[in-house]
Amino acid sequence: MNKRVRVRFAPSPTGGLHLGGVRTVLYNYLFAKQQGGDFIVRIEDTDQNRFVPGAEAYIFDTLAWCGLVPDESPVHGGPFAPYRQSERKENYRQYAEQLVKNGFAYYAFDTPEELETKRAQVPNFQYSHATRSGMCNSLTLSEAETADKRKGPYVIRIKMPESETVRFTDMIRGEVSFNTAQVDDKVLLKADGMPTYHLAVVVDDYLMKISHAFRGEEWLPSAPVHLLLWKYLGWETDMPQWAHLPLILKPDGNGKLSKRDGDRLGFPVFAMDWTDPRTNETTVGFRERGFLPEAFVNLLALLGWNDGTDSELFTLEELVQKFSMERVHRAGAKFDFEKAKWFNHEWIRKVPVDHYRQQVQLLLEQNGITIQDQAVLEKVLQLVKDRCTFLTDFVQQTSFFFRTPDSIDSAAIKPKWDSTKNLFFTELIRAWQLSTLWEATDLEKEFKELAATNQLKPGELMLPFRIMLVGGKFGPGVFDIAAIIGKEETVHRIQHTLKLLA
RNA sequence: GCCCGGUUCGUCUAUCGGCUAGGACAGCCCCCUUUCACGGGGCAAAGACGGGUUCGAUUCCCGUACCGGGUACCA
């Protein structure tokens, strides 16, 4: 039973990839890489009505941003191509027919409208062992009638046993069992010839030699259908091990986290910006909001898993090493944006500034600031990174290094402003203009000495000085700022504010 | 309704029968910093409920409650 580990992420291209989806990919990826196995992405586009253009490309862009590279996929290729179920359409019918032949499935001719009215008439109607004798299918029709009906549209349904216990061991939940009496005769092959998820997932997992199948908890109720299909198709010994991942819940109240919760509560739910081609509406993503992929991956990994120690910061490589399905929590987790922010802040500080220098530069350019000297940018980033939670915070925190502030909060200075302070700064300008040294420590020393000779406390002068240079009450050490922007600009900004105060 | 799953501080979680129930985020207080942060120190905060099993239950079993998921020719 030591087969090669092969896992798959099987999204349907119906929209942006949200938190829960990315976490499912991540757990798949971590497990595969740790076991030296293969990580496969298979596109489950069996529902032609729900197809959304651009959604597939978006999924791969997201994976690329997160650094989760598939070994096999429709874009990366692989020995089991094609990896799009719509392109594998011809595969499925034979298996459905085989099931019918062996008595595990049957043809059903009831139209969607008939089913709809049935459901309207009979509360909780289920197409099952209890009701199928009253419906129109190959079990109730003669062979000749069936053959005739087959000329028109029909579906193939699984014939669930009347009362059988189906059990399996879930890697996260342990022993889980179902009574087949409760589950209905799911459609396996649709009237358009496409398989439903139920058939397609089993057939493709088998054909692609998937060893472990990880998916969201919402799939647990249909697990008995899948288990039985593996058995009926005669593939039982090749069945993958299952793990049903806990859901990610909305932060307030209860329920699965949805895109709407993000809009409502002001945080991203999708990994990257997603524009719905039908409505042209854009939903903001973690990336555009200013998250580092390192942080995004890290926070997702910890939403439902931990390594058993107090450590919380992990690189992808560390996660690959430490991840284990056994340590995945069973219960759903409410998403906490505050904690997400903390992760990002930590990663902005932890990672070399070089990792996001270009992105910050781009953000600055969007705000009309062009960077001439990369070395200066890097120095500045190093200086302010501790105060940035999002990449976008760098704009406010660094602009004044490259551009004279367009507004000066002189109101913060005025109340305590007087002629002695005015004189101090005038003298400061004179002194610095003569100065040949321009290191932060030199500036601080001169500043304080001059304050002393004027019988002023340096503290009273620091805030005004900061506002002259920065425009407001924020930013790193003032002398560091002065050192970087240079003598000319420093003097210029002091003079400018002095004029404002006059 | 029925089926399945879940239930430890506000939130994410640790604990694999011995607990003064640990950590992190958020909150509050103090220190550092005459900006904003970072950092350091501290405070407050939890085992849904009821039965068993056991010398001992947060941990095992049963029931109840609550929450979630599913109940489509969607995935």
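Reader: In which loop is Pro-82 found?

Author: This is a predicted model: local features need pLDDT of at least 70, side-chain atom pairs count only at pLDDT 80 or more, and totals for chains, interfaces and linings use all residues. Residues are numbered from 1 along each chain as written, chains are lettered from A and ligands numbered from 1 in written order, and side-chain values use heavy atoms, without hydrogens or water. Helices (DSSP runs of H or I, at least four residues) and strands (E, at least two) are numbered from the N terminus. On that numbering, Pro-82 is found in the loop between helix 2 and helix 3 (89-101).

Reader: What is the omega of the peptide bond from Ala-81 to Pro-82?

Author: The bond is cis. Its omega is near -5°.

Reader: Is Asn-124 buried or exposed?

Author: Asn-124 lies in the loop between helix 4 and helix 5 (143-149). Its phi is near 60°, a positive value in a residue other than glycine. Buried means under 20% relative accessible area, exposed over 50%, and partly exposed in between (1.4 Å probe, protein chains only). With a relative accessible area of 74%, Asn-124 is exposed.

Reader: And Lys-209, buried or exposed?

Author: Lys-209 is found in the loop between helix 6 and strand 8. Its phi is positive, about 55°, although it is not a glycine. At 52% relative accessibility, Lys-209 counts as exposed.

Reader: How many residues of helix 7 are buried?

Author: Helix 7 spans residues 223-232 and is mostly covered. Its buried residues include His-226, Trp-230 and Tyr-232. Just after the helix, Gly-234 takes a positive phi of about 80°. Of the 10 residues in helix 7, the buried ones number nine.

Reader: Which residues does Leu-26 touch, beyond four places away in sequence?

Author: Contact means heavy atoms within 4.5 Å. Residues up to four places away in sequence are not counted. On that basis Leu-26 touches Leu-68, Val-297, Leu-300, Ala-301 and Leu-316.

Reader: Which element gives the most to the lining of the largest pocket?

Author: On a 1 Å grid over the protein atoms alone, a pocket is an open set of points where a 1.4 Å probe fits, with protein on both sides within 12 Å along at least five of seven lines; lining residues have an atom within 4 Å of a point. The largest pocket is lined by 47 residues, with Pro-11, Ser-12, Thr-14, Arg-50 and Glu-218 nearest its centre. Strand 1, helix 1, helix 6 (197-207) and strand 8 (212-216) each supply at least two lining residues. The most, four residues, come from helix 1.

Reader: What separates the centres of domain 1 and domain 2?

Author: Domain bounds come from an automatic or database domain assignment. Chain A is divided into domain 1 (86-245), domain 2 (352-399) and domain 3 (410-501). Taken over C-alpha atoms, the separation of the centres of domain 1 and domain 2 is 55 Å.
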